[in-house]
Amino acid sequence: MAAHGGPPREGTAAEPEGIGRRRFLGYVVAASTLTVAASLGEGTAASAAVPSVPGPAEIYDLNDMLTHATLPTAGLITIRLDPDGTASFALPRAEVGQGITTSSAMLIAEELDLPLDRIKVTLADARPELLFNQLTGGSNTTISTFTPIRVAAAVARGRLLKAAALELGETVESLTTKTGTILSTATGRSLTYGELAAKAASLATAQVQVTLKDSADFTVIGTPRRRLDALDAVTGRKRFAMDVKVPGALPAMICRPPTINGTVRSVENLAEVRAMPGITDVVTVSTGVAVRGRTFGQCIDAVRALKVTWAPGTAEGKSDATVLDELRRAELPLVVPPLDLLTKAVDERFTFHFASNSALETNCAVADVREDSAEIWASLKSPIVAQEQIALRLGLPPGAVKVHVTEGGGSFGRKLFHDAAAEAAEVSQATGKPVRLMWHRTDDFRQGRVHPMSTSRVRATYALGEVLTYEQRHTSVATDFGHGLGEIITAEAARLPVGDLTFSETIFALTQQSPYHFGVTTQLLAETDKGFNTGSMRNIYSPNVRCAQELVVDELARRMGKDPYRFRRAFLKDDRGRAVLDKVAEVGDWGREMPAGTAQGIALHPEYHGWVAVLAEIDCRPETTGRKIPDAYTGPRVTKVVCAVDVGLAVNPRGLQAQMMGGIMDGIAITLSSSLHLDNGHFLEGSWDNYRYTRQWNTPPELEIVVMPPTTGEPGGAGELAVAGAMAAVACAYGRATGRMPRSFPVNHSEPLGFEPKPTVPPIPASPADGLDRAF
């Protein structure tokens, strides 16, 4: 971290003052073996002609808010050193494939001088005392935990050095640490961390000061490392919610309504279904009719056999066309006139259709509810809210509900909501038995969380080679922020009739920024229609907002006779943005000759203290788009992507590259091929075979991720960064290749479906095995 001066690391000789060394406060916690806590704060130490006023997100963004909210409870995050010489850390976040358990272990390894394979990072159970400090979202984990984890590790190292000095009868200054061992430079004697774990422990909690390593001394942070859980993941040993072994917890599934959020009126054949092979229970719950059986195949048979009369849902009779009409009527007005004697304007409206927020791991949870207690296992990004709201539903005090956070097979915002855990608890309470509840894949697509449909109206005025004004009015189906900031107070406030819009407006203002000097700039949000199950899918509003802006930037450049790359460069506010833009233009050979029907697109996106630029090449020629590949998307093909990313300090560059790759695939999908079609109150897509996410055929054969050298001493957000940049670059490439600016996304949404929609109540399969094959 870049700053001036500070004392030596605890237990080491004084070092010269210089840039990058800061003194922090931490705690040694009373315990039988060495246990240390994180910091509560720092110790005492020391171009364009028409510029735009900085927007709110440029001054203080969502990530700043989330990070500052964690500070009061940072001291409750602890690292424990065990007698076997390993360090244990319960990370109060959710690991859903983004690699934060590895990056957190790297932070500990750096300051503790302990090999990565001797650090055990697990996921913490719900801890209400952490308040806002157990929410996984907004690409905030590494930013908010970067200093606290390092401080705790540095405190541990200092305590070990002091204990070793007493044990060896030497001065702390004569000792050094290396790979879990303390060595005497004077006598050559050594002690392992394990031998000192109990001796370094404290009988009372005490505050200490430490100085963190200078970035120039890093040997772990900033180096590319493989995921610590990679072998378990590829060999099937990694444990997810459905792998948890709870005695008596049998499979359970729910028969859900044919339209979004419909409710049960009556069930015609309860006795008949209860008598089906393997079925132990059939009960009505708040979201449908639950069945519990010995196998999931038997549960599927029972769900399909149920004859339920349903009450209307919250989106009854609605379709893409009716929702689009609502959105257009809810648009906030533009202020600047489109034309006068001196100025011209680019005036456009863009439509973004519903997108599925399903993860590869379908929604699931395990629950064991007793008369006076409950225990839940699920992948949860907001476990405190889950614990508190499930306790309310069960009529139990929050302390009687134990919520265990398991690793998850993807999320992208989906697991901010705990609906599977709440259902599992409700079914377990209703049956009086433990359950392993899993959603049918079709339910995940039709009743699960979706990215809301939206429109973006943009008007930019220009004259004499300058952009004078930029207005953007983004109108969206309401985004559900019922998870709040990770605890029940903000979760409930977000659901209030007025509070929900206020919450959305706040999130929008703290995430959206224009990277360009476009004169007077305004970006405003309006929301409508709360009848859908929406969520903060990866990047929340940013992919749609950025895509609209970058397409308008391309159009401004065309009308002014400028090269799209050089036009962007001339109007950029930030040198970091200019650097990533220059890098992709260089590596991607911007401006090279290409055949008709193919083209390059370029775009950039700033968010969460990070910058990304993306150059994409696309092939829209008829011989490409007309290819017939069974069960595959055969539209325009992205043939090359170059991405340059600057997150300040990349803790694990290899993990950062992986994050960018995933975000690029998301961006390609929502630009070209993947969306949900709403018809008469339900979505037509029923699984991944219908939902045309980026397939192998459309994955760019040329893909290069450039991680920029560190530009700051601290990490920025990375998890969501590439989605918006990739979507915008692909959209711009498509527009240049076809000669037509795309205005509706994905570009194939209005084309024939290409599949026969699954029935809302699927027929019983020929055999249980057939049912399982088609369901999962």
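Predicted model: local features only at pLDDT ≥ 70, side-chain atom pairs only at ≥ 80, totals over all residues.
I take buried to mean under 20% relative accessible area, exposed over 50%, and partly exposed in between (1.4 Å probe, protein chains only). Residues are numbered from 1 along each chain as its sequence is written, and side-chain values use heavy atoms, with hydrogens and water left out.

I looked up salt bridges next, each being a side-chain nitrogen of Lys or Arg within 4 Å of a carboxyl oxygen of Asp or Glu, and found 43 in the structure. One of them joins Glu 110 to Lys 213, at 2.7 Å from N to O. Glu 110 belongs to helix 3 (residues 100-112) and Lys 213 to the loop between strand 9 (206-211) and helix 6 (230-235), so the pair ties together parts 103 residues apart in sequence; helices (H or I, at least four residues) and strands (E, at least two) are DSSP runs, numbered from the N terminus. I noted that Glu 110 is buried at 0% relative accessibility, and that Lys 213 is buried at 9%.

I then turned to the backbone, where the peptide bond from Phe 745 to Pro 746 is cis, with omega near -5°. His 609, although not a glycine, has a positive phi of about 65°, and I placed His 609 in the loop between strand 25 (598-607) and strand 26 (610-619).
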